[in-house]
Amino acid sequence: MNPSKYEKYFSIDGFWSKLKKGAKKAGSKVIYSGLLLFYALDSPKTPLRAKVQIYGALGYLILPLDLIPDLLPIVGYVDDLSALGFALAAVSKSIDDDVRRKAKSKLRDFLGDDVVSSKDIIDIDGHVVEEQGKTKVDDVHVEK
């Protein structure tokens, strides 16, 4: 599997531009989810298949027109958050403490210090850990 054909839908400049322009409007869940996926791309724990999923989700995030246009207040980022959430669940094994630390540091830059202790961020971290646990359980069942 060659990730380069999927990378064309995602650009680093487009990602940072989208986050800088829409951070407050998109909200902490969208921004943190996107940052977790972005930093997971650089993690040696992230397999190629997971990187393809990440490129797809981040590519969808930066699309100017998607299923629900981001210009619509509140609901505009619901589809983006869904795409990011599916990708996070699929690549949860690649989300380690280093990835979370980098994502939270950048989240502070965008939305301030208090956001990292918000319920939304704690919920996302909890879901990632929960998915990691499911994956481990599923791996054990496959081995039997």
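User: How do you know at what angle the axes of helix α3 and helix α4 cross?

Analyst: In this predicted model, the axes of α3 (residues 28-41) and α4 (residues 48-62) come within 10 Å and cross at roughly 140°, an angle taken between N-to-C directions on a scale from 0 to 180 degrees. The crossing in which α3 passes α4 is left-handed.

User: What makes Val30, Gly34, Leu37, Phe38, Ala40 and Leu41 in α3 residues that meet α4?

Analyst: Contact means heavy atoms within 4.5 Å, and these residues of α3 meet Lys51, Ile54, Tyr55, Ala57, Leu58 and Leu61 in α4. By class, the contact of α3 with α4 has ten nonpolar, one polar and one charged residues, where Gly counts as polar and Lys as charged.

User: What makes Val99, Arg100, Ala103, Leu107 and Phe110 in α6 buried, and how do you know on which side they lie?

Analyst: Buried means under 20% relative accessible area, and these five names in α6 are Val99, Arg100, Ala103, Leu107 and Phe110. They cover an arc of only 90° around the axis, so they lie on the same side of α6. The face turned away from that buried side carries Asp97, Arg101 and Asp109, which are exposed, that is, over 50%.

Conventions: Residues numbered from 1 in each chain as written. Predicted model: local features only at pLDDT ≥ 70, side-chain atom pairs only at ≥ 80, totals over all residues. Heavy atoms only, no water. Helix = DSSP H or I, 4+ residues; strand = E, 2+ residues; numbered from the N terminus. Left-handed = near helix turned anticlockwise from the far one by under 90°. Buried < 20%, exposed > 50% of the residue type's maximum accessible area, 1.4 Å probe, protein only. Arc of directions from axis to C-beta.
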